[in-house]
Amino acid sequence: MAEVLTAAEKSSIKLTPGLNQFTLRCDLNQPGVFSFQRHGLNRFSWQQAGITQSPIPSGEVTFQIDQGEFSALLSIDSKFAHNPRFQWQPLTDFMLSSQKHNLIMGLFYGLSFTLMLYVLIISRKVPDKALKLYSAYIFCITSFILLQEGQLFLYIASHLLREIHLAYLLSIGLTVVSATWFMCEILKVNTDFPRTSLIFKTMSLIVLFSCLLRMVIENHPSATAAAMLMSYGTLALVAAIFASALWQWQRRVSEAGLVFCALSIVLISMIFRIVLLDSNIFVQRYGFIIAFAVESLMLAIAVSRRIGRIAMAKERAENEANIDMLCNILNRRGFSLKAQHLMDYQRQNGDLLGIFYIDVDSFKQLNDTYGHHVGDTALKEIARYLQSQMRMEDAVARIGGDEFVALACFRSQHEIVAKLDELQKHFQQFTISLHQQHFSVSASIGYAMFSTVPETLEALLAAGDAAMYQAKSQRKALVLANTR
Ligand SMILES: Nc1nc2c(ncn2[C@@H]2O[C@H](COP(=O)(O)OP(=O)(O)OP(=O)(O)O)[C@@H](O)[C@H]2O)c(=O)[nH]1
């Protein structure tokens with residue numbers, strides 16, 4: 001090696017494709033290690049005094065060099081022309097830096113693993129597509145970093161170099177595909193721009209295909225074309241997704257701003273990695289890892305916000321479907337659901353179930369005489385009063401134009417009759433006020449009670465309706481008699 005290497009400084013020697021052989025003359029006053037990057041190599045060997053030495057288990061290819069004067073023969077079979085960044089370090093420095101490195105990487109893998117487990121547990125309860133895609137993306141990119149950083153070589157023998165390299169190529173393709181699928185979902189490119197989403201996904205599949213091609217034709221001359229397709233395809237896709245995040249952010253798509261910031265952090269780290277190639281070892285080595293950790297946390301926040309938003313929208317829609325918009329109490333649908341719960345509760349606990357059925361008297365006449373807004377005010381007032389007289393757990397609803405029901409569990413018949421009395425007194429004659437005008441309104445009320453709950457809700461309502469009808473008939477007869 002026609003170069004003097006000083007401790008921790010990386011050599012600029014380039015490998016040529018095929019077999020490269022170097023003789024290293026070492027004269028060290030302390031034990032050290034000689035290391036270089038593993039990627040791009042088919043095979044390597046290190047011979048001292050004709051004896052082949054095994055590398056120390058480490059992320060990079062690392063050989064121990066003894067104190068004193070000796071020479072070694074280094075043979076490397078390289079896939080292509082590149083600089084494997086040869087360097088030597090005193091043994092103590094190497095041990096310290098590899099401990100720091102393993103600590104940082106361990107933290108990173110721990111975070112990724114926790115995120116993945118967390119998402120897997122959550123996704124069993126929350127069936128959200130973005131959540132599943134996020135989990136797949138984290139899994140793929142963590143595998144990619146694990147294979148790239150070489151921690152596997154701490155546990156796996158060096159002769160599996162080729163298999164690890166193939167897995168590394170596959171992890172690149174799968175990371176690109178999972179990232180594209182996830183981004184299209186969270187940025188709503190799928191729904192807002194289905195054609196663009198199709199183009200992105202096709203591009204990502206082309207990248208995956210070029211990775212698979214490289215795996216198959218690794219040492220063939222056309223492998224370079226596949227490598228270029230893979231690199232430029234990935235670059236184009238990253239730029240396109242970055243632009244879509246910005247575009248969707250401008251269009252005020254929820255979470256797009258957060259996703260854009262997360263992507264920017266990774267992009268900045270990539271730029272730093274290139275610009276600060278030799279000036280800042282820490283940024284150069286860990287910038288991308290830290291950026292990815294921050295990115296994955298920000299994306300986790302984006303996914304959880306999205307889930308929260310969807311759950312809220314679903315709850316709101318569910319509530320709206322069950323609520324009468326005019327009176328702000330349950331509608332017929334909402335009543336059916338709540339009544340079913342109350343009926344089940346009564347079946348288990350054996351209380352009395354009581355239903356009050358209220359129908360406004362001559363409501364059509366009220367509408368026709370004073371206008372619909374007066375009719376509406378009367379309906380709202382009835383709903384407000386009825387709600388105020390019942391408990392939270394009771395079912396109070398408007399089930400038709402001027403028909404209301406209240407269903408509740410009671411401990412005794414006495415309680416039901418007392419409640420009926422209260423309601424009857426009020427609905428016999430009550431006044432509503434609108435624009436300083438007062439209108440007199442009345443409503444008929446019927447009730448039914450059950451110690452054994454009817455089979456169906458319809459039967460329950462029919463009993464209430466019949467009782468109300470009877471009450472209304474008696475009332476009309478009384479009014480008729482009084483007017484004669
Ligand atoms: N203002 C208003 N009127 C409504 C609403 N929904 C239904 N109505 C009216 O309520 C009236 C109900 O009329 P009917 O079923 O004949 O009942 P009624 O006039 O009270 O007669 P009786 O029940 O026999 O006393 C109809 O004229 C409907 O147009 C509403 O949301 N607001």
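Analyst: Start with G18, which is found in strand β1. Keep in mind that this is a predicted model. The cut-off for buried is under 20%, and the cut-off for exposed is over 50%. G18 also has a partner to look for in space. G18 and N42 are 24 residues apart in sequence. Their C-alpha atoms lie 8.7 Å apart.

Stay with strand β1, which covers residues 18-28. This strand gives five residues to the lining of the second largest pocket, the largest share. That pocket has a volume of about 290 Å³. Twelve residues line the pocket, and the closest to its centre are E3, L5, R25, C26 and W88. What classes make up this lining? Nine of its residues are nonpolar and three are charged. No polar residue takes part.

A search of the whole structure finds one cavity of 30 Å³ or more. The volume of the largest cavity is about 60 Å³. Its lining is made of R38, H39, G40, L41, K79, F153, L161, I164 and H165. Helix α3, residues 161-186, supplies three of these residues, the largest share. By class, four lining residues are nonpolar, three are polar and two are charged. Where does the largest cavity lie? It lies between domain 1 (18-88) and domain 2 (126-319), because both domains give residues to its lining.

One more element deserves a look: helix α12. It runs over residues 413-428 and has 16 residues. From its first C-alpha to its last, α12 reaches 22 Å, close to the 22 Å expected at 1.5 Å a residue. Which residues of α12 are buried? They are I416, K419, L420, L423 and F427. Seen down the axis of α12, these buried residues fall within an arc of 100 degrees, so they line one face of the helix. The face turned away from that buried side carries H414 and K425, which are exposed.

The largest cavity sits between domain 1 and domain 2. Helix α12 has its buried residues along one face, with exposed H414 and K425 on the face turned away.

Note on methods. Residues numbered from 1 in each chain as written. Predicted model: local features only at pLDDT ≥ 70, side-chain atom pairs only at ≥ 80, totals over all residues. Heavy atoms only, no water. Helix = DSSP H or I, 4+ residues; strand = E, 2+ residues; numbered from the N terminus. Expected span 1.5 Å × (residues − 1). Buried < 20%, exposed > 50% of the residue type's maximum accessible area, 1.4 Å probe, protein only. Arc of directions from axis to C-beta. 1 Å grid on protein atoms, 1.4 Å probe; cavity = no way out; pocket = protein on both sides within 12 Å on 5 of 7 lines; lining within 4 Å. Points joined across faces, edges and corners; volume = space filled by probe spheres on them. Nonpolar A, V, L, I, M, F, W, Y, C, P; charged D, E, K, R; others polar. Domains from an automatic or database assignment.
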